[in-house]
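Student: Could you walk me through reading a structure like this one, feature by feature?
Tutor: Gladly; let us take a look together.

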Amino acid sequence: SGGDLRLFVDSGTPNLSHYLTPEPTEWMLLCGQRKIVHSVGPPEDAEYVNVFQWYRIVATEDPDPANPQQRYITVAGPDWNMNWCLNTSTYEVQAVLFDGISGVYTETVELD
């Protein structure tokens, strides 16, 4: 039901510090992909569908001057399946930070 994450922003990003200053109680959306293997056909015909999960930021670590493009945070939310990571060797996902949100609602939907 949550855990620690390392936020990383490319050092060439404008306003770098803005992306790495989330406050506790702000919300973050993690974005990954789930692989769907069909029962018929070769494995290379597998499809990928996007997966999104909401997490509330509960704590942030002070910035490290030696690594200004990263910051560690602690989040609360549903368990994340590591197989949904965009790169399963480094466990990378995309994150979208939101401020000014008082709560979120999650519903599973299938898009055709």
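**Reading the model together**

Tutor: Serine 102 has a relative accessibility of 81%, so this residue counts as exposed; buried means under 20% relative accessible area, exposed over 50%, and partly exposed in between, with a 1.4 Å probe and protein chains only. Before we go on, please keep in mind that this is a predicted model, in which local features need pLDDT of at least 70 and side-chain atom pairs count only at pLDDT 80 or more, while totals for chains, interfaces and linings use all residues. Residues are numbered from 1 along each chain as its sequence is written, and side-chain values use heavy atoms, with hydrogens and water left out.

Student: Where does serine 102 lie?

Tutor: Serine 102 is in the segment after β5; helices (H or I, at least four residues) and strands (E, at least two) are DSSP runs, numbered from the N terminus. Serine 102 and glutamate 26 are 76 residues apart in sequence, and their C-alpha atoms are 8.1 Å apart in space.

Student: How should I read the sheet, and in what order do the strands come?

Tutor: The general idea is that strands of a sheet pair through backbone hydrogen bonds, either parallel or antiparallel. For the assignment used here, two strands pair if DSSP finds at least two bridges between them. In this model, 5 strands form an open sheet in the order β1-β4-β3-β2-β5, with antiparallel pairing. β1 and β5 stand at the edges with a single partner strand each, so one side of each has no neighbour in the sheet. Neighbouring strands are turned by 40 degrees against each other on average, direction ignored; the axes are lines fitted to C-alpha atoms, for helices over the stretch in contact, and angles run from 0 to 180 degrees between N-to-C directions.

Student: How many bridges join β2 to β3?

Tutor: β2 and β3 run antiparallel and are joined by 10 bridges. Within that pairing, lysine 35 stands opposite tyrosine 48 in β3. β3 also pairs with β4 in the antiparallel sense, over 4 bridges, and arginine 56 has alanine 76 in β4 as its bridge partner. Finally, 7 bridges join β1 to the antiparallel strand β4, residues 70–76, where glycine 3 stands opposite valine 75.

Student: Now the backbone angles. Which value does phi take at threonine 25?

Tutor: Phi of threonine 25 is positive, about 85 degrees, although this residue is not a glycine. Threonine 25 lies in the loop between α1 (16–19) and β2, and is exposed, with a relative accessible area of 53%. Tyrosine 91 is another residue other than glycine with a positive phi, near 55 degrees. Tyrosine 91 sits in the loop between β4 and β5 and counts as partly exposed at 49% relative accessibility.

Student: How many disulfides does a search of the whole structure find?

Tutor: A disulfide is a pair of cysteine sulfur atoms within 2.5 Å. The search of the whole structure finds 0 disulfides. Cysteine 31 is in none, and the nearest cysteine sulfur, that of cysteine 85, is 12 Å away.

Student: What volume does the largest pocket have?

Tutor: Rolling a probe the size of a water molecule over the atoms shows where empty space is left. On a 1 Å grid over the protein atoms alone, a pocket is an open set of points where a 1.4 Å probe fits, with protein on both sides within 12 Å along at least five of seven lines, and lining residues have an atom within 4 Å of a point. Grid points are joined across faces, edges and corners, and a volume is the space filled by probe spheres set on the points. The largest pocket has a volume of about 780 Å³. Of the 27 residues that line it, the closest to its centre are Arg6, Leu7, Leu30, Val93 and Ala95. β1 (2–8) and β5 (94–98) are the elements that give two or more residues to this lining, and β1 gives the most, with 7 residues.

Student: And what about the second largest pocket?

Tutor: Its volume is about 580 Å³. Of its 17 lining residues, Asn50, Val51, Phe52, Thr108 and Val109 are the closest to the centre. β3 gives the most to this lining, with 6 residues.
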